[in-house]
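Welcome! Take a moment to look over the sequence and the 3D view, and then we will walk through the fold together.

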Amino acid sequence: MDYRKLDAALGRAVGAAEGDPGVRDLLVLIRLTEPPSPAQLDELRRAGVGGTDTGRTILTGTLSRQDVETLSEQPWVRSLSLSGSRRPL
């Protein structure tokens, strides 16, 4: 896993997670270097990422620890962040 691409909160969540590493329980914000190619889209969809049909470079998905590890090692993934709930200012 490329921990340099993970924010601190996601790194802690991945390290602290117990149980089955294939369970999708991490809401993650994914930043890509450029809009994904068809092969990259397939990989993102398999990982549980939604909204992959728009050509965007920022996506969200509910990922497993295995998915986070796989995506963090891809050169076309810029960063992965744990998505939190929004609070009013």
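## Helices and strands

Helices here are DSSP runs of H or I with at least four residues, while strands are runs of E with at least two, and both are numbered from the N terminus. By that reading, the protein holds 3 helices and 4 strands. Starting at the N terminus, their order is α-β-α-β-β-α-β. The radius of gyration is 13 Å, close to the 12 Å that the globule rule gives for 89 residues, so the protein is as compact as a globular protein of that length.

The average pLDDT of the protein is 87, and 92% of the residues score at least 70. Confidence is highest in strand 4 (residues 77–82), with a mean of 95, and lowest in strand 2 (residues 49–50), with a mean of 84. Where pLDDT is low, the predicted coordinates should not be read in detail.

## Size and packing

Along the principal axes, the C-alpha atoms fill a box of roughly 35 × 35 × 20 Å. Of the 89 residues, 37% count as buried.

How do the contacts span the sequence? Counting contacts between residues at least 6 apart in sequence, 72% join residues at least 24 apart.

## Surface and charge

The protein has an accessible surface of about 5400 Å², and carbon and sulfur atoms account for 49% of that area.

As for charge, there are 12 positive and 12 negative side chains. The centres of these two sets lie 7 Å apart.

Terms used: Residues numbered from 1 in each chain as written. Predicted model: local features only at pLDDT ≥ 70, side-chain atom pairs only at ≥ 80, totals over all residues. Heavy atoms only, no water. Rg over C-alpha atoms; globule rule 2.2 N^0.38 Å. Buried < 20%, exposed > 50% of the residue type's maximum accessible area, 1.4 Å probe, protein only. Contact = heavy atoms within 4.5 Å. Areas by Shrake-Rupley, 256 points an atom, 1.4 Å probe, with all protein chains shown as cover. Lys, Arg positive; Asp, Glu negative; His and termini not counted. Charge placed at Lys NZ, Arg CZ, Asp CG, Glu CD. pLDDT = per-residue confidence, 0-100.
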